[in-house]
Amino acid sequence: MEVWFATLYSSLCFLYVRWGYFSATKPLKLLSKCLPVVLLWVWAWYRVTSTERSLLLVALGVSILGDALLVTPRAAPGGILAFAVAQLLYASLFWTSAAEVSVLLALITAGVVLLIGLVIASRFGKKAPERRRSWVSNVILCYFFLLSTMLWTATVRCLVRPHYSSVAGVTGALLFYASDVLIVASALYSSPWLEGRTLIMTLYYTAQLLIVMSVEGVS
């Protein structure tokens, strides 16, 4: 990885964590939040040469959409769904055993069907606050199931094919998982470590970078 890219990426991450998150102007907040992953997308477009390139670019693109939607509280469920799709795509990236692809496809199908069912239930179900709280909880549980699938496939890849790229992948998956766990924790507990989402976003941006670096064909 070039020094200029690492410096620019770190600077954009720092810009959002220390300034963009606290901006009262929503377009600036959205732009500063999405810019680091947009930079990753552009870098991957030029630097990744393997057959996994298209899948990686779609996963990063969906992640950018998720980041944008999560800036607006009313669009948060859409953001969660976008990141759920991203986790499925990342899980596909990590999967290495062709003989067991059917297992992954079964997990993906079950996750997608469950997500669609939850969306339909939310759209046509009762609008009582208690009902909505229950739906949000179910969506979050489903998302963590998909996130866990991504972490599991990254771990399997690392065990089957030990390599620095596989280690980067499983480390990125762990950091992604940790950042999302901290998001839930920040909603339940008050802590100076979670104030301003500094730790959460640092873990998230680092995770995205490591996952990109784990893809074969990065030049």
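Trainee: How much of the protein chain is made up of buried residues?
Mentor: Buried residues, meaning those under 20% relative accessible area with a 1.4 Å probe and protein chains only, make up 42% of the 219 residues in the protein chain. This is a predicted model, in which local features need pLDDT of at least 70 and side-chain atom pairs count only at pLDDT 80 or more, while totals for chains, interfaces and linings use all residues. Residues are numbered from 1 along each chain as its sequence is written, and side-chain values use heavy atoms, with hydrogens and water left out.

Trainee: And how many aromatic pairs are there?
Mentor: The structure holds 9 aromatic pairs, where rings of Phe, Tyr and Trp (its six-membered ring) pair if their centres lie within 6.5 Å, and planes under 30 degrees apart count as stacked, over 60 as edge-to-face and the rest as tilted. One of them is Phe5 with Tyr9, which is stacked because the ring centres are 6.0 Å apart and the planes lie at 20 degrees.

Trainee: Are those two buried or exposed?
Mentor: Both Phe5 and Tyr9 are buried.

Trainee: What about Phe83 and Tyr204, how are their rings arranged?
Mentor: Phe83 and Tyr204 form an edge-to-face pair, with 5.9 Å from centre to centre and 80 degrees between the planes. Phe83 is buried at a relative accessible area of 6%, and Tyr204 counts as buried at 5%.

Trainee: Which residues form the aromatic cluster?
Mentor: Tyr16, Phe83, Tyr90, Phe176, Tyr204 and Tyr205 form one aromatic cluster.

Trainee: Switching topic, what lies over the face of Trp45?
Mentor: Arg53 does, at 4.3 Å from the ring centre, the criterion being CZ of Arg (or NZ of Lys) within 6 Å of the ring centre and within 35 degrees of the ring normal.

Key
Buried means under 20% relative accessible area, exposed over 50%, partly exposed in between (1.4 Å probe, protein chains only).
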